[in-house]
Amino acid sequence: MNLYIQIDENGKAVNHPIMEENLRQAFPGIDTNNLPSNFAKFQRTAAPTRTAYEKDPRVTYELRGDVYTEVYHGEYMTREEAIELQNQVKAAWAANPSSPASWVFNDFTCRHEPPVPYPADGKYYRWDEPTTNWMEIT
């Protein structure tokens, strides 16, 4: 799928990428092999996997060579912000009466996790707190 993006007079990408067939419908006279100066090719990039401790995620469109692409930005929380987030997650877990007591908090993911990993066999399971194990749903 070919994508294009509109460019303003200062060379900045504006609006959002447009698929080639939509571009041709909106601008029937455009030649995608010889684009006017107010359009450029666009290449999607895979979004990075973010951690629990990143904040203010945003995307900009930037020129790389002769193609505009997505560039992902964000900031890491300060140590104090990370601790505050951890405390909020722990408090919410403790306040929920259905939260399993056997699950432990993982500082890296900022989530509670079961002491036994979920089986990876394609079947469906539910957590059984008395046995601290996964029980197959039949």
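Me: What makes Tyr118, Tyr124 and Ile137 a nonpolar patch on the surface?
Reply: In this predicted model, these three residues together have about 360 Å² of accessible area, and a patch is made of residues with over 30% relative accessible area, nonpolar side chains being joined within 5 Å. Tyr118, with a relative accessible area of 39%, is over that cut-off.

Me: Why is Tyr118 called partly exposed?
Reply: Tyr118, which lies in the loop between β7 (111–113) and β8 (125–128), has a relative accessible area of 39%; buried means under 20% and exposed over 50%, so a value in between is called partly exposed.

Me: Why is Pro97 called exposed?
Reply: The relative accessible area of Pro97 is 81%, and exposed means over 50%, so the word applies to Pro97. Pro97 has its place in the loop between α2 (79–95) and β6 (104–106).

Me: What makes the approach of the Glu70 side chain to that of Arg44 a polar contact?
Reply: The distance is 2.5 Å, and a polar contact needs a pair of N or O atoms within 3.5 Å, one able to donate a hydrogen and the other to accept it. The side chain of Glu70 also makes a polar contact with the side chain of Tyr72, at 3.5 Å.

Me: How do you know that β8 and β9 pair?
Reply: Strands pair if at least two bridges are found between them, and β8 and β9 (residues 133–136) have four, in the antiparallel sense.

Technical notes
Residues are numbered from 1 along each chain as its sequence is written. This is a predicted model: local features need pLDDT of at least 70, side-chain atom pairs count only at pLDDT 80 or more; totals for chains, interfaces and linings use all residues. Side-chain values use heavy atoms; hydrogens and water are left out. Patches are made of residues with over 30% relative accessible area and no salt bridge: like charges are joined within 9 Å, nonpolar side chains (Val, Leu, Ile, Met, Phe, Trp, Tyr) within 5 Å. Accessible areas come from the Shrake-Rupley method with a 1.4 Å probe; for residues, only the protein chains shown count as cover. A salt bridge is a side-chain nitrogen of Lys or Arg within 4 Å of a carboxyl oxygen of Asp or Glu. Helices (H or I, at least four residues) and strands (E, at least two) are DSSP runs, numbered from the N terminus. Buried means under 20% relative accessible area, exposed over 50%, partly exposed in between (1.4 Å probe, protein chains only).
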